[in-house]
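Hi everyone, thanks for making time.

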Amino acid sequence: GTSPQRLWDMAFAEYGAGQFDLAIMGFEAYIKSFPRSDSADEAQVYICGAYLHDGNYAKAIETCDVAIRTYPGGNALPEAYYRKGVALQSLQRVDEARSAFELVLRSYPDTVAATLAQQRLEALKRP
């Protein structure tokens, strides 16, 4: 068996190298092998991010929703909602994107995701 850290490091390296298909497989293997790990929610959000980078916005939304449902107390939740908003915005689902960004601001105001969500909201207001 591969250690949790080694599995994480391999998936993260693929993600950083832009090898998103391999990163998705690695993070899925991590979650399957270590579902109760403190980093399982982050792995799920990285999967969402990989789909987002690949332009598969529908799959990004789906995987962010999995993170939101499966890890309601996870520390990656602000990022899950933010990335879901980005995917929704990319699909021209502006009202839903706005709701996701506003939820980040309201529920997680002191996070990097909230700062990014605020920037997205301001951009949505511009013509």
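Let's begin with the disulfide count: the structure holds one, taking a disulfide as a pair of cysteine sulfur atoms within 2.5 Å. A word on the source: this is a predicted model, where local features need pLDDT of at least 70 and side-chain atom pairs count only at pLDDT 80 or more, while totals for chains, interfaces and linings use all residues. Residues are numbered from 1 along each chain as its sequence is written, and side-chain values use heavy atoms, with hydrogens and water left out.

So, which cysteines are they? Cys48 and Cys64 form the disulfide, and their sulfur atoms sit 2.0 Å apart. The link of Cys48 and Cys64 is left-handed, with -70 degrees about the S-S bond. Cys48 lies in helix H3 (residues 40-53) and Cys64 in helix H4 (residues 57-70), so the pair ties together parts that are 16 residues apart in sequence. Helices here are DSSP runs of H or I with at least four residues, strands are runs of E with at least two, and both are numbered from the N terminus.

Are these cysteines buried or exposed? Cys48 is buried, at a relative accessible area of 0%, and Cys64 is buried too, at 1%. For these labels, buried means under 20% relative accessible area, exposed means over 50%, and partly exposed is in between, with a 1.4 Å probe and protein chains only.

Please stay with helix H3 for a moment, as Gln44 lies there too. Gln44 is buried, with a relative accessible area of 8%. What does Gln44 touch, leaving out residues up to four places away in sequence? The list is Ile31, Thr63, Val66, Ala67 and Tyr71, where a contact means heavy atoms within 4.5 Å.

Now over to helix H7, residues 112-125. At 1.5 Å a residue, its 14 residues should span 20 Å, and the end C-alpha atoms are 20 Å apart, which agrees; the expected span is 1.5 Å times one less than the number of residues. The buried residues of H7 are Ala113, Ala114, Ala117, Leu121 and Leu124. Seen down the axis of H7, these fall within an arc of 95 degrees, so they line one face of the helix; the arc is that of the directions from the helix axis to the C-beta atoms. They pack against helix H5 (77-90) and helix H6 (94-107).

By contrast, Lys125 of H7 is exposed, with a relative accessible area of 67%.

Finally, let's step back to the whole protein. There are seven helices and zero strands. The radius of gyration is 15 Å, close to the 14 Å that the globule rule gives for 127 residues, so the protein is as compact as a globular protein of that length. That radius is taken over C-alpha atoms, and the rule is 2.2 Å times the number of residues to the power 0.38. The C-alpha atoms fill a box of roughly 55 × 25 × 20 Å along the principal axes. Of the 127 residues, 40% count as buried.
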